[in-house]
Amino acid sequence: PGEGGKVDGPVIASVLPGGAAAAAGLAVGDTLLAVNNDPLAAASAAAANGKLVRFMAGVNPGEELTVRYRRGTAAPAVVKLTAMPAPLAFTRPMPM
């Protein structure tokens, strides 16, 4: 966690088996610090998640991303991954 209630970035809650994050070695509990050098730190977890969602909305399938993350108390690490199309469940509105 950052200082003064801020968070360093969103924490991965789940990883899709066979997805880009899994292939890059990212795991549940990792904190995403930056994507393509765009910091994800924010005043709250919700704000950090929002930053990531807004960033990813502009990413096209096949685009290569550089992700800086931290696992536990280890020093930050960097992985490269290739964006995949969003699963259908995430691309259409849910019925009300």
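Let me start at a turn: strand 1 and strand 2 form a hairpin with two residues between them, and asparagine 36 in that turn has a positive phi of about 50 degrees. Strands here are DSSP runs of E, at least two residues, and helices are runs of H or I, at least four, each numbered from the N terminus.

This is a predicted model, in which local features need pLDDT of at least 70 and side-chain atom pairs count only at pLDDT 80 or more, while totals for chains, interfaces and linings use all residues. Residues are numbered from 1 along each chain as its sequence is written, and side-chain values use heavy atoms, leaving out hydrogens and water.

Four strands make an open sheet in the order 2-1-3-4, with antiparallel pairing; to pair, two strands need at least two DSSP bridges between them. Strand 2 (38-39) and strand 4 (77-82) are the edges, each pairing on one side only.

What does strand 1 pair with? Strand 1, residues 31-35, has two antiparallel bridges to strand 2, with alanine 34 opposite proline 39. Four bridges join strand 1 to strand 3, also antiparallel, and there leucine 32 stands opposite tyrosine 69.

Why is strand 1 largely enclosed by the rest of the structure? Because five of its five residues are buried, meaning under 20% relative accessible area with a 1.4 Å probe, protein chains only (exposed is over 50%, partly exposed in between).
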